[in-house]
Amino acid sequence: MLKLQALSFVRYSKSVLSNITTVISEGALTCLVGANGAGKTTLLRVLSGELRATSGALLIDDNDVSGVSPKEVAHYFSVIPQGVQPSPYFTVFELVALGRFRPRNRALRWRLSDSDRQIVETCLSQCGVEQLSNRRVEELSGGEQKRVWLAFALAQEKRFLLLDETLDGLDVFAKQSFFKLLKQLASEGKGVLLTTHDLELVTQFADKVVVLSGGSVSYDGLPNTDLQNLLCQTSG
Amino acid sequence: MKKKGIIVLLCLFLLSALLITAACSSETVSTPTPTISAQTTYPVVVTDLLGRSVQISQLPTRIVTTQPTATETLYKVGGTAVGRDSSSKYPAAVLDLPTVGSAYNINTEAIAGLNPDLIIIEALTQQSAISSLEKLGVPIIAVRATSVADIDQSLTLVGKVVDRSAAAAQAVADINDRIATAQGNTTGGKSVLILISDAQRNVYAAKPESYPGTVAALLKLVNPATGLPDSGPYPGFTLFTAEQALTSNPDVVFTISPAPAPAPRLSTVLPQTPGFSQMNAVKAGRVVELDPVLFLQAQGPRIADAVEEMLRLMNEVAS
Amino acid sequence: MRRVLLITGVLVIILVLGVLIGIALGPVKISLHELVSALLMRGDSTAHILVWDLRMPRVAAALLVGACLGVAGCLLQSSTRNPLGDPQVFGLGGGAAVVQALAMAGLLSVGTWGLLALSVLASLIGAGAIALFASRQGLSPARLAIIGVSLAALAAAAATGILAGARVFSQQSLNFVGGSFINRGWQDVLPALPFLGIGILLAIPVIGNLNVLALGDRIADNLGAEPRRTRVIAIASSGILGGTAVAVAGLVGFVGLLVPHLARLLVGRDMRAIFIVSIPLGAAVTLFADQAARLAFMPSEVPAGLITALVGAPLMIYVARRVL
């Protein structure tokens, strides 16, 4: 369970996030929506530890982790940033295998163990890309690439998945199947937080919606309201 | 009795003929037949060292020289210039003259600004400048100094052009005299390498065709670089590798370091260069720096100075 | 791993062959018997001097410079996510070239050890500039390459100006066709060895991180790969290696650029494998280039950099079209 309590973030004397209070549960698909510039990416970066909140608290299982180093916080989150590009040359398997990376002193000795290999293959099949194992990632279609990234994030075996506009650029069918997959992963116990603009699919699949407007939460609850209207009102 | 005598006479005659032929065909300087040192009448047509026929319509009074060879040849016959290139630094009188660019980069405009009536260039390196200099409508003559014959011819040519033929003939005789004297003072047979290097640590050896090589050849010194292919920054030089150094064994090594101080002298670098450090001459310290001006940059009438200097250094070092 | 061992083994065999060519062949012919006795016994014969004082140090210099450049290229390309990474292209060797020019002009007289240290120091300045720019978010590979090329051009101009001002003749008009091993002796090789060691040892702890760096700083951070620290260390190491290479042989081009790509074609995309293989591969490429430069026009020579450019440029074009 991830609790945000009055989280604020100020940059260059401008308030980017103010007073964010919400709960992100494991075993659920939470969608973060809002207009561009509302602060969605910034919130994700604060959560993953990349940015430090100016004030407020971040609790994981009721432990305050707001002062903790980014390296430690990263222990809980897998991040797929916005606009992520695959490194040229990597195959699908190699990319997902990188998810098993653990920093170690003797860096030349890191080897993919049998259990690592097993995990990679499980993640590949969970995301439906095991057939593409030996293909180069950059040769795949947009939808396939996103699934590969998802498998990569899964392979890290962290409790929360933070996905920033990952559905950007996919066609309707790909988006739908991706959402289904996320829902499946959530039901298997992961805490999935996705920022997106696709309100219909959010209404259809999300367990919870958080609407950000101008850096603060304007709605936090079940997706059974008219989100479209809500967004127009709050950003008006 | 008579028959024997005739045979002896014949043999003596043959012997002396052989000796004379041998003496004439060795690398000595033959004293050229003295030309009639007449006064020059203008207009006069002369042939320069590029084989060009040039007409000089009247006595030139505003001469521009573009290379040390040209400058020194002119002044040797008693002429004077109104402009020189920046590398010409001899005799002292030319230092006050305005410059018209470097020998590698002649400034045609600067030359034009001096309003010359004659331009003297160097044949080997400045031939390509003729086309742009011709636009000035001024006669151009080319001199050269790759051999003593060249130098003699250049002196005679310039002497004729500036009506100083007598002085030219005197200079020619003087140079050849001094060279012959120097040759007389040496038995030759010693071998020398003349080396020069560049910024990439390549070492080049002067062949007998080069100017310093010519000086050495005049003193009947043997040159290990004879017959090697041309390569390198100056005409008549060849790239000399460490392996070639290892297998050649000159009695003396001369080095030329054209870059002024504080650039290191090649004579100090050689003992640390693999291969070269193994040469007996280097190990014994018989490495001598030559003056780059006298032996490389100011080719021309001072060749006699160069020959005398090299002889002096040889005697000092190879004793 | 097996593949890496196999490829490395093949490369070592090729290297041994190259070394044999380097000491056995040359303008001065030596018989097999002379060669063996020169190798095994002490002596003062011409063959002995030829092998130990002339040919051996030159071979050693080529191996050392090749290893430096191969590793530096691989570190630069992965840490800056730029397939054009090369210590010469990115201007890392530029500082060293300026130091060498100053020494040639007689403006610096510090002995070979001091000269090497200064060259490495000067290269680290260039490395610092690249590290600074590479850390900027949103700096495209092309922009970084432009900055590097500009630094390299600036350094080449400075070096040329110093040499011209001192009136020292230089055959090199273009800086990437230069670089040569002529007249290199043990006094050039021995001071460089520790710097090769330092450069490689410095980089070893961060090699694994470089695999992850390829995915972007944010993901690398998230996986605990410390992208900024990794990048600084990798670029610093490249600076040390690039500076050492330039101090020994001048600006030998295309080795740092090409070797990582060739290594990747041979052993795959794992940075650790590429790192290991780049060492013998770079050494082999440079050794054979220098041997060609030395033997093709016997007894005359061309600069080794000419050969690496002649072979490297078309090869690079081929690699770029087929693989990148």
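This is a predicted model: local features need pLDDT of at least 70, side-chain atom pairs count only at pLDDT 80 or more; totals for chains, interfaces and linings use all residues.
A:A97 belongs to helix α3 (residues 92–97) of chain A. Setting aside neighbours within four places in sequence, the contacts of A:A97 are with A:L112 and A:V120. A:D116 is worth a glance too: 19 residues separate A:D116 from A:A97 in sequence, while the C-alpha to C-alpha distance between the two is 7.8 Å.

Stepping back, how is chain A divided into domains? The assignment gives domain 1 (1–76 + 159–236) and domain 2 (85–157). The centres of these two domains of chain A, taken over C-alpha atoms, are 25 Å apart. Where they meet, 7 residues of domain 1 of chain A are in contact with 6 residues of domain 2 of chain A. On the domain 1 side, helix α6 (residues 172–187) of chain A gives the most, with 3 residues. By class, that side of domain 1 of chain A holds 5 nonpolar residues and 2 polar ones, with no charged residues.

Chain B also comes in two parts. Its 319 residues, 45% of which count as buried, include 13 helices and 10 strands. Looking at contacts in chain B between residues at least 6 apart in sequence, 62% join residues at least 24 apart. The chain is split into domain 1 (44–183) and domain 2 (192–317), and the C-alpha centres of these domains of chain B are 28 Å from each other. Here 20 residues of domain 1 of chain B are in contact with 17 residues of domain 2 of chain B. Three helices of chain B, α2 (68–76), α6 (148–161) and α7 (165–184), each supply at least two residues of the domain 1 side. The largest share of that side comes from α7(B), with 6 residues. Sorted by class, the side of domain 1 of chain B that touches domain 2 of chain B has 11 nonpolar, 6 polar and 3 charged residues.

Next comes the way the chains meet.

As for chains A and B, no contact joins them, and their closest C-alpha atoms lie 39 Å apart.

Then there is the inside of the model. In soluble globular proteins, nonpolar side chains tend to be buried together. The largest nonpolar core has 271 residues, and the members touching the most others are A:V96, A:A151 and C:L64. Helix α3 (residues 46–79) of chain C gives the most to this core, with 20 residues. Leaving out residues up to four places away in sequence, C:L64 touches C:V189, C:A192, C:L193, C:L196 and C:V248.

How is α3(C) placed against helix α12 (residues 255–267) of chain C? Their axes come within 7 Å and cross at roughly 70°, which means that α3(C) is roughly perpendicular to α12(C). From α3(C), the residues making the contact are C:G66, C:L69, C:G70, C:A72, C:G73, C:C74 and C:Q77. From α12(C), the partners are C:V255, C:G256, C:L257, C:V259, C:P260 and C:A263. By class, the contact of α3(C) with α12(C) has 8 nonpolar and 5 polar residues, and no charged ones.

Technical notes:
Residues are numbered from 1 along each chain as its sequence is written. Chains are lettered from A and ligands numbered from 1 in the order in which they are written. Domain bounds come from an automatic or database domain assignment. Helices (H or I, at least four residues) and strands (E, at least two) are DSSP runs, numbered from the N terminus. Ala, Val, Leu, Ile, Met, Phe, Trp, Tyr, Cys and Pro count as nonpolar, Asp, Glu, Lys and Arg as charged, and the others, Gly among them, as polar. A residue is buried if 20 or more other C-beta atoms lie within 10 Å of its own, exposed if 12 or fewer, and partly exposed in between; C-beta atoms are placed from the backbone. A nonpolar core is a set of buried Ala, Val, Leu, Ile, Met, Phe, Trp, Tyr and Cys residues joined through C-beta atoms within 7 Å. Axes are lines fitted to C-alpha atoms, for helices over the stretch in contact, and angles run from 0 to 180 degrees between N-to-C directions. Angles under 35 degrees count as roughly parallel, over 145 as roughly antiparallel, 65 to 115 as roughly perpendicular and the rest as oblique.
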